[in-house]
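Okay, thanks for coming, everyone.

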Amino acid sequence: MMILTHTTLGKFPVLTLSHPDSGAFVSVLPTRGATVHRLALPGPDGRIHELLQPMRTEIEVERHRWAKGAQLAPWPNRIQKAHYEFQGQEHRPVKNFKPQGGHAIHGLVMFETTKLSAKDPEAGWMELSLSSKGWTGYPFPIRLSFRFALNPIEGLRMETTFENTGETDLPAGHGWHPYFRLSDSVTPCLLTLPSGKRLEMTPNAVPSGVEKEWAKFARPTAIGPDFLDACLEISAKKGIATTRLTDPDSGLSLDVWQEVGAGKYGYVQVFTHPRRHCLAIEPMTCAPDAFNNGMGLVVLRPGEVLRTACGVRLS
């Protein structure tokens with residue numbers, strides 16, 4: 001049986017769904033757009049393992065600088081020069097990232113407040129939701145819901161629902177931005193990526209239109225000293241695609257799985273934190289700058305819903 005507890009990190013509320021018998025738990029920050037703050041799962045060694053690099057202080061949560069565990073909506077990654085056109089209308093969201101020519105990065109919800117909209121701790125899930133009439137540069141009414149289901153054996157499942165509650169079409173995308181760690185450094189860890197093509201990037205870190213096979217991590221391969229900041233378009237068009245991170249010392253393997261197919265998570269971004277103590281593995285429904293290049297972009301008509309899921313397992 002699961003329990004749901006309410007605590008705080010400084011002034012920020014924390015919701016935690018936990019399984020006392022196994023020690024498994026997931027913690028979410030409702031006033032940071034349902035950011036996934038901490039995740040712990042039992043390993044085959046019988047011990048409980050924390051898998052995310054969390055924000056540890058109130059100041060870190062306030063700034064949310066690295067978007068650790070953030071929900072990226074209504075777009076993941078970036079919009080080049082914070083400018084796009086949709087159905088003949090020009091839009092300019094806030095430019096919140098100055099390097100590489102300047103971008104609107106990581107969507108608009110990670111500083112918004114979500115509410116606990118449904119729960120069933122005995123069944124092992126909770127749901128957080130938010131409704132918005134739109135933002136600067138994204139004047140479209142939406143409702144977002146994030147359902148977190150925890151199982152000590154099967155791990156974490158996160159189902160995202162993105163609904164157009166307005167009267168016009170809208171562009172939609174979602175991504176999740178967790179940083180994972182299995183040891184003190186990701187350098188010796190083995191990475192295995194699903195089959196797909198790497199998107200070549202311009203100097204402004206948006207797709208150039210060139211895609212290339214990326215064989216390096218088709219099999220378990222040490223990350224090594226390389227700095228990863230790459231987006232993969234997954235080849236599979238249905239089912240589940242999985243990215244695996246393995247610590248060779250402990251033998252622990254962490255799987256980040258994602259639904260693929262139309263309107264699902266067809267892309268995955270991997271990013272090495274500059275301190276090299278964790279690796280971001282980011283399921284995304286669309287590519288960087290999708291509001292301009294259309295790669296994976298979903299257009300929702302009034303009343304339509306984008307629904308997809310991803311999750312984490314430990315073995």
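So, which residues do ring pairs link into a cluster? They are W75, Y84, F86, W135, Y138, F140 and F291. Before I go on, a word on the source: this is a predicted model, where local features need pLDDT of at least 70, side-chain atom pairs count only at pLDDT 80 or more, and totals for chains, interfaces and linings use all residues. Residues are numbered from 1 along each chain as its sequence is written, and side-chain values use heavy atoms, with hydrogens and water left out.

Back to the rings. A pair here means rings of Phe, Tyr and Trp (its six-membered ring) with centres within 6.5 Å; planes under 30 degrees apart are stacked, over 60 edge-to-face, and the rest tilted. The structure has 10 aromatic pairs. Take W75 and F291: they sit edge-to-face, 5.7 Å centre to centre, with 65 degrees between the planes. This pair links distant parts of the chain, 216 residues apart, with W75 in the loop between β6 (70–72) and β7 (78–80) and F291 in helix α2 (residues 290–293). Helices (H or I, at least four residues) and strands (E, at least two) are DSSP runs, numbered from the N terminus.

Are those two buried or exposed? W75 counts as buried because its relative accessibility is 2%, and F291 is buried too, at 6% relative accessible area. Buried means under 20%, exposed over 50%, partly exposed in between (1.4 Å probe, protein chains only).

Next, Q258, which is in strand β24 (residues 253–260). Q258 has 1% relative accessibility, so it counts as buried. What does its side chain reach at 2.9 Å? The backbone oxygen of Y267. A polar atom of the Q258 side chain also lies 2.9 Å from the backbone oxygen of Y265. Leaving out residues up to four places away in sequence, Q258 touches, among them, I234, I240, P283, M284 and C310; touching, or contact, means heavy atoms within 4.5 Å.

Last stop, the largest pocket. Its lining has 28 residues, and R65, A67, F97, I105 and H106 lie nearest its centre. β10 (103–105) and β25 (267–272) each supply at least two lining residues. On a 1 Å grid over the protein atoms alone, a pocket is an open set of points where a 1.4 Å probe fits, with protein on both sides within 12 Å along at least five of seven lines; lining residues have an atom within 4 Å of a point.

That's my tour, thanks.

Definitions and conventions. Polar contact = N/O pair within 3.5 Å; in protein donor to acceptor, adjacent residues only side chain to side chain.
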